[in-house]
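Overall figures come at the end.

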Amino acid sequence: MAKNLLIVESPSKAKTIEKILGKDFEVKSCFGHIRDLAKDKMGIDLENNYLPKYIVPDDKKKVVAELQKMSEKFDEIWLASDEDREGESISWHLAEVLSLDSKTTKRIVFHEITAPAIKHAIKNPRIIDMNLVNSQQARRVLDRLVGFELSPVLWKKIGMQGGLSAGRVQSVAVRLLVEKELEIRKFKVSSFFKTEAIFKSKDMQQKMISFKAEGKKINVDADARNFIEQCKNALFTVKDIQVKAGKRTPAAPFTTSSLQQEASRKLGYGVSKTMLLAQKLYENGDITYMRTDSVSLSETAMLSIQNQITSLYGSSYCQSRKYKNKNESAQEAHEAIRPTNMANQNTGNPDTQKLYDLIWKRTMASQMSDAQLEKTVVSIGISTNQEQLTASGEVIRFDGFLRVFQEDKEHDDDDDDNATEADQDNALLPPLTVGQQLDLVNMKAIERFTKPSARYTEASLVKKMEELGIGRPSTYAPTISTIVKRKYAEKRDKEGTARNYILYTLKDQVVSKTTEVENAGVERGKLCPTDLGEVVNNFLIEHFKNILDYGFTAQIENEFDEIAEGKKVWFKMIDDFYKPFHHSISYTTEHAERNVGERVLGIDPKTQKQVIARMGKYGPIVQLGSSSNDDKTEKPKYASLQPNQNIATISLGDALVLFNLPRTIGLYEDKDVIINIGRFGPYAQHDSKFYSLKKEMDPYAVELDEIVPLIDEKRKMKSEQTIKTFEKEKIFILRGPYGPYIKKGLKNYKLSKELQEHPEKITLEEALAIIEELTKNPPKKRRTFKKK
């Protein structure tokens, strides 16, 4: 039997390490965190230096009990949770529940799961670093204080069914989204004209090829037309040629943030998916630890990378580089994210292969030579005016790291201008000489439009948070997941709208004007604040400015760093934060007015009643009539906003249309069919039954001939699911994906395997007995009722 028990977080990690360590070690998983703060009294003793009260959650009691039993059988217990602060905290909690001495228990850390790394860690154990534990504990305590004290204020002052929550980092992330949205709304679009000409000339093989040259931007329509007119019958002559050598340098190897950004741009992955796949790669021993803000590489890793480069591409492609962090507090791990074995280019797993390939290429490129370029800029004179056109091209003389990897840039989904400029810079030019006259193919003045800065994607939001010092590598993905889950933000695609633009064309000495159509405003996977997110953000900014201040939030992160370095006492840091924060909570609870984001839209011309937009119990609504109307017999009318509508931008006209529901669209089987929108979306009501509308159906325009087939289809599906009905008692025996079951009201009751064989034979008395038994004794887990 093994003498040593080594505990890690995940089962897959345990399997990988156990294969490396062999028979002397048994490796078990604690399945992540095994203790958390109690809910009662926030789980924090405010009178005793914010002492946390930890409990083992119900879903972890079995795991802890098994580990406690196992620990008695081994000579020595080793703790091997991840090497960041969260991992250090897990090791300390394990020591506490297993009654281990944290001053003597062996704690090992490694940033890759390979045989050399694991064996080196076993030979060089340390003890639990209480500075790291206290730093993580301070983060958890502070976030619990903010969440538990601030959230009830939101419930009271804003409301919303199901309650609201506020968090220190998540609230700042929402603020970034809201400020971006306000910036976009305030932006005034203006038009200008972009001029460009296509010329032709002979290449080295004396073949005629075309190339493009661009002129200056022109702001006025008439000036653009005049410029094109002036160019009729003009001679176009090469005035100057500038050739400059240049180079491109590879980016540093991946950190958590840069991996999330590049995976978003190149692979279209969200940050949660990227981290899930990276976790798998790490636990399988394919890459180093994936939560890191370090860009450094070990000497051993650099040597391995350089050997691989030389082997695959030759020594001329190899250039040793040491990268330095811009962030001095980089501490989550000791190395950048890289493959553990550079000779391995295949993980054998199709789910993780694309991300691994990205990491491998970026790591290789980081130690490769610069790409050597030659950029040519040609100035072209116009004989009929003083303006000049510019053609530029770029030739790669030595590809260097570009042979393996090229970093992508964030850009708008419909940003054709930037794409065109990039194509122009990379274009090849034919051989040209000063004084050479060029043949014009055509010239255009194209109307373009200014754009606000793009909404955040998950990746660009992570980048912004990193720039501001908000959060750390382990918090980026959970923060974004939280604000989406809490419905403060949502990920949206926008198809764009048709927009006309003017095009002047000079061809064969004739100028023509046409109006063209383009699809403008296309967006993919952009994070947008919801109405709820905006209302909560505005309330917090008004009453808790510090919590949402970027500098303050970054300073809190710095103080966590100081605790980790042993420079600050954790509970004193909490005290400095909590006392003024708690005072603000008390003051706001007593003095702040209720805030539902109310916006007056105007007066309904038919009823002469006021129309407002605001947050309702289940989301954004419009209201016709005042809630404080003296005539208590006439209640206000309410209508939900549609998904593409917003409290801040909806017009009076659009709001009045929403009150057209409910609408009766006709009779079916001599009974009214009524269309309305409820808590769960648009629906049709017929014969006291409700049928959800299909996604493509517009509740304000759908007609009876579309709804009747929907009702028939739903009835057929239900009849196929219904095995037996006790109509008077409203009890149904239905067939579900996991077998037959009983349904009464909104509750379901599972049948035993014996009863599932012939559910059609169940009597009313048996059904009532099953319901009574499972109502009296509701099981914690799924429970079956067996026939006696």
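I looked up helix H10 (residues 299-313) and helix H11 (residues 350-366) in this predicted model, and I found their axes 9 Å apart at an angle of about 90 degrees. H10 and H11 are therefore roughly perpendicular to each other, a label that I use for angles of 65 to 115 degrees, with under 35 degrees being roughly parallel, over 145 roughly antiparallel and the rest oblique. The axes are lines fitted to C-alpha atoms, for helices over the stretch in contact, and the angles run from 0 to 180 degrees between N-to-C directions. Helices (H or I, at least four residues) and strands (E, at least two) are DSSP runs, numbered from the N terminus.

I noted that Ile305, Gln308, Ile309, Leu312 and Tyr313 in H10 meet Trp360, Thr363 and Met364 in H11, where contact means heavy atoms within 4.5 Å. By class, this contact of H10 with H11 has six nonpolar, two polar and no charged residues; Ala, Val, Leu, Ile, Met, Phe, Trp, Tyr, Cys and Pro count as nonpolar, Asp, Glu, Lys and Arg as charged, and the others, Gly among them, as polar.

I recorded the residues as numbered from 1 along each chain as its sequence is written. Local features need pLDDT of at least 70 and side-chain atom pairs count only at pLDDT 80 or more, while totals for chains, interfaces and linings use all residues, and side-chain values use heavy atoms, with hydrogens and water left out.

Next I turned to helix H8 (residues 256-267) and helix H13 (residues 458-468), which pack at an angle of about 155 degrees with their axes 8 Å apart. That angle makes H8 roughly antiparallel to H13. Ser257, Gln260, Gln261 and Ser264 in H8 meet Ala459, Val462, Lys463 and Glu466 in H13, and by class the contact of H8 with H13 has two nonpolar, four polar and two charged residues.

In helix H7 (residues 221-230), I found Ala224, Phe227 and Ile228 buried, that is, under 20% relative accessible area, against over 50% for exposed and in between for partly exposed (1.4 Å probe, protein chains only). Among the elements covering these buried residues of H7 are strand S14 (437-449) and strand S16 (497-507).

I then checked threonine 505, which lies in strand S16 and counts as buried at 15% relative accessibility. Leaving aside neighbours within four places in sequence, threonine 505 is in contact with Ile228, Met443, Lys444, Val510, Val511 and Ser512.

Finally, I noted that the protein has 21 helices and 30 strands, and that buried residues make up 48% of its 788 residues.
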